[in-house]
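Here are my notes on this model. Keep the structure open beside you and find each residue as you read.

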Amino acid sequence: MTIQLFVPKFRVDECLAEIRECLERGWTGMGFKTLAFEHAWKTYTGLANAHFLSSNTVGLHLALEVYKKKYGWQDGDEVITTPLTFISSNHAIVYANMKPVFADVDETLCLDPFSIEQRITSRTRAVIFVGIGGNTGHYKKVRELCTRQGLKLILDGAHMAGSRLDGSHVGQDADVSVFSFQAVKNLPTADSGMICFSDAADDHMARQLSWLGINKDTFARTGSQGVYKWMYDVENVGYKYHGNSIMAAIGLVSLKYLDEDNAYRRQLASWYEEEFTGASNILSVPMGPGCESSRHLFQVRVSNREELLQALNERDIYPGVHYRDNTHYQMYADSHGLCPFSHALSEEVVSLPMHMGITRDDVRVIGAAVRELAVYDSGKVAA
Ligand SMILES: *Cc1c(COP(=O)(O)O)cnc(C)c1O
């Protein structure tokens, strides 16, 4: 039997009932379920604001545009970011006409606070911190650094639905956090995301910009709902970034099961760790202090990654890689070589199958295969 990296689990009947409600009511767009999902997400996370979007990618872009307007940031101003991420995190900076400045990661695969500090210049405006696989890494040190240096901290929480730090859901002390509910994330819909600003005025601006810059207040103020619906103003060139009720309907169901699913993911992770206890040919990736990870990923490090993947594929086991060093893409080749530790790690990391369909026995089979096939040469990466 084939063992895949990710297989999303949907509670199909419950999803269909939520979607049916949208269809019967004739309300599939923004509003209705999107508002219900925003409310449920705020209740679940304890975050102050939440606006439902069509993806995390657009959310990261929107976060930067809101701050650009608010603080008068200029084109070419700098955002410190990681080379070990999905390309969205870095494209978002380019969408906003700002400059990605790559800092190195540490052994948690998240940005290293010391490396961030070395990259700060007079044009640095923000840091995008990616919680890889749900790991909070050294987030608290990054938070302190950003506060001290007057930088905005943007949390790319694409893997972090249900991740907690010191018992609180992540994002509460970020300036803005952005989550992904894409098809294979740990809170799956099909494509959607949530942007959560700490400041209500920023949330308000994001809502305007995510719907083409339309200022809904103007018609709300007329108090004649339905009569003067066209009497809105348009203050900015906004985007078509908001989410819809069909996605929110699925999200509402997935959210109900998030804690249960994440608990099972953490169980899988501890089974994997048991498999690798004492194995000197496999390095595990440590969680940051105080982290209760969503365990979107379970990652290990090996020196013979390509051979290992090939051999596992031959046994019908299909792990993944998160991620290739982004500075090795043509788009970001200017920064090639600036983050040697990230680069070395990007050649070692393997993400083992992690989803609700993986059993204890699957972990035994995968664990035995990896123990047998992995090689670790500790001389290759100087930490
Ligand atoms: C998936 C992902 C994104 C983008 O999320 P979408 O909802 O697909 O736009 C951004 N950052 C990271 C780290 C991701 O894994």
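1. First, a term. A residue counts as buried when its relative accessible area is under 20%, as exposed when that area is over 50%, and as partly exposed in between. By that rule, both Glu 38 and Arg 207 are buried. Bear in mind that this is a predicted model.

2. Now look at how these two residues pair. Glu 38 and Arg 207 form a salt bridge. Their closest N and O atoms are 3.2 Å apart. Glu 38 sits in helix α2, while Arg 207 sits in helix α7 (residues 200-209). The pair therefore ties together parts that are 169 residues apart in sequence.

3. Helix α2 (residues 33-45) has another link, this time to helix α1 (residues 12-25). Lys 33 forms a salt bridge with Glu 18, with 2.6 Å between the closest N and O atoms. The two residues are 15 residues apart and link distant parts of the chain. Is Lys 33 buried or exposed? Its relative accessibility is 7%, so Lys 33 counts as buried.

4. Next, compare a pair with other surroundings. Glu 117 forms a salt bridge with Arg 148, and the closest N and O atoms are 3.5 Å apart. Glu 117 belongs to helix α5 (residues 113-119) and Arg 148 to helix α6 (residues 139-149). They are 31 residues apart. Glu 117 has 37% relative accessibility, so it counts as partly exposed. Arg 148 has 57%, so it counts as exposed.

5. How many salt bridges does a search of the whole structure find? The search finds 26. Some residues are joined in a network of salt bridges: Glu 274, Glu 275, Arg 360 and Arg 371.

6. Turn to the second largest pocket. Its volume is about 290 Å³. The lining holds 23 residues. Phe 86, Ser 88, Ala 158, Ser 180 and Lys 185 lie nearest the pocket's centre. Two elements give two or more residues to this lining: α3 (56-71) and α4 (88-95). The largest share, three residues, comes from α3.

7. What is the lining of the second largest pocket made of? Its residues divide into eight nonpolar, 12 polar and three charged.

8. Last, the location. Why does the second largest pocket lie between domain 1 (12-256) and domain 2 (258-373)? Because both domains give residues to its lining.

Notes
Residues numbered from 1 in each chain as written. Predicted model: local features only at pLDDT ≥ 70, side-chain atom pairs only at ≥ 80, totals over all residues. Heavy atoms only, no water. 1 Å grid on protein atoms, 1.4 Å probe; cavity = no way out; pocket = protein on both sides within 12 Å on 5 of 7 lines; lining within 4 Å. Points joined across faces, edges and corners; volume = space filled by probe spheres on them. Helix = DSSP H or I, 4+ residues; strand = E, 2+ residues; numbered from the N terminus. Nonpolar A, V, L, I, M, F, W, Y, C, P; charged D, E, K, R; others polar. Domains from an automatic or database assignment. Salt bridge = Lys/Arg side-chain N within 4 Å of Asp/Glu carboxyl O. Buried < 20%, exposed > 50% of the residue type's maximum accessible area, 1.4 Å probe, protein only.
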